[in-house]
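Visitor: I am new to this structure and would like to learn how to read it. Could you take me through a few features, one at a time?

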Amino acid sequence: MSSGTGMRIVVTGATGNVGTSVVRLLSEDPEVASVLGLARRIPDWSPPKTDWSAVDLASEQSDLADQFQGADAVVHLAWAFQPTHDPAATWRTNVLGSMRVFEAVAAAGVPALVHASSVGAYSPGPKDRAVDESWPTHGWPDAAYCREKAYLERALDTFERDHPETRVVRMRPAFLFKWESASEQRRIFGGRFLPGPLARPELLPFLPDIPGLRVQALHTDDAANAYRLAVHSDARGAFNLAAEQPVDAQVLGEMLDARPVRLPRTAARSAIAAAWGLHLLPASPHLFDAVLRLPLMDCTRARAELGWRPERTATEVLEEFLQGLQQGGGARTEPMRGRKVG
């Protein structure tokens, strides 16, 4: 591990969409002496002041407390989106693995835990106004992703009660995109054989306008900066993270120069459910149900207490991501490898 004065930060899930951005920003931070990235597979990528350790959070054999010894903060980002047809598998990694992280943070006496929660932890809420961090976090029970994120909110409630000496921060970002994440997210949500070059606006005859499909987006680097700020601050509690403006069919239509056409929820869901049932589409209809119910988030607290400001608008984020889909955007880690197809 790198020596010298400054903070020692451990990052789980360090090779994914958020992890690569967080590791890069921390490695460039003059107040950070060293970064330890934990991932199942060590990447062919060596940012300054960064070391790697191969760890599988789903394994009961992982000695996380030893990895966390001497750390000033643990940034917990590790998450498995697939397989959606086997919720017990994602539960082992996401919930049980996170519980191991929390226990190891306490055992190692780490002063701060910064946890990646999500807008998906929120209970169904409004689409015509934004809610703050006090909105209930019971998720949408039918979607594994939301169910797991909400469960961990309750686990952290207990952790904070039992370990008041540990500063706990819960980041609740909107949907996160960057050019480098395009291939990974295409594989996770669209399927590995969905051709990225087909993501061209001129090939869209129309844009489905589905009631309730109004969400928020954020550039992954902007989210990563919030994590960096949280590491350096004395802040505790939850922080909403999203860029302006909310994205719906009207916004996408203007961006893509496509005509929105109203499509009933039931028709869209039936098509997704059929493709998912045939294992043609990795994204489940249950997640689609949840997205239609997610509230819009007010990010005032992150701006006021962390001094956080996103540098990119939601449309700029989506335009960059669309280019990544077309060009096979990726990065030098196994989860983020760039490919146009396959």
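Guide: Gladly, and we can begin with a term: a salt bridge is a side-chain nitrogen of Lys or Arg within 4 Å of a carboxyl oxygen of Asp or Glu. Before using it, note that this is a predicted model, where local features need pLDDT of at least 70 and side-chain atom pairs count only at pLDDT 80 or more, while totals for chains, interfaces and linings use all residues. Residues are numbered from 1 along each chain as its sequence is written, and side-chain values use heavy atoms, with hydrogens and water left out.

Visitor: How many salt bridges does the structure hold?

Guide: The general idea is that side chains of opposite charge can pair when their charged atoms come close. In this model there are 17 salt bridges. One of them joins aspartate 29 to arginine 228, with the closest N and O atoms 3.3 Å apart. Aspartate 29 sits in the loop between helix 1 (17-27) and strand 2 (32-39), while arginine 228 belongs to helix 6, so these partners, 199 residues apart, link distant parts of the chain. Here helices (H or I, at least four residues) and strands (E, at least two) are DSSP runs, numbered from the N terminus.

Visitor: Is aspartate 29 buried or exposed?

Guide: Buried means under 20% relative accessible area, exposed over 50%, and partly exposed in between (1.4 Å probe, protein chains only). Aspartate 29 has 5% relative accessibility, so it counts as buried.

Visitor: Which residues are linked in a network of salt bridges?

Guide: Glu153, Arg154, Asp157, Glu160, Arg170 and Arg172 are linked in such a network. Within it, the side chains of arginine 170 and glutamate 160 meet at 2.5 Å, N to O. Arginine 170 is in strand 7 (residues 167-173) and glutamate 160 in helix 4 (residues 144-162), ten residues apart. Arginine 170 is buried at 5% relative accessibility, whereas glutamate 160 is partly exposed at 24%.

Visitor: What does arginine 262 form a salt bridge with?

Guide: The partner of arginine 262 is aspartate 209, and their closest N and O atoms are 3.2 Å apart. Because arginine 262 lies in strand 12 and aspartate 209 in strand 9 (residues 207-209), the pair ties together parts that are 53 residues apart in sequence.

Visitor: Now the nonpolar core. How many residues does the largest one have?

Guide: In soluble globular proteins, nonpolar side chains tend to be buried together. A nonpolar core is a set of buried Ala, Val, Leu, Ile, Met, Phe, Trp, Tyr and Cys residues joined through side-chain atoms within 4.5 Å. The largest here has 44 residues, and those with the most contacts inside it include Ile9, Met171 and Trp308. Helix 6 (residues 220-232) gives the most to this core, with seven residues. A second, separate core of 24 residues includes Val10, Trp79, Ala104 and Val168.

Visitor: And the backbone: where does a cis peptide bond occur?

Guide: One joins glutamine 82 and proline 83, with omega about 5°. Proline 83 lies in the loop between strand 4 (73-76) and helix 3 (87-108). The peptide bond from glutamate 244 to glutamine 245 is also cis, with omega near 0°.
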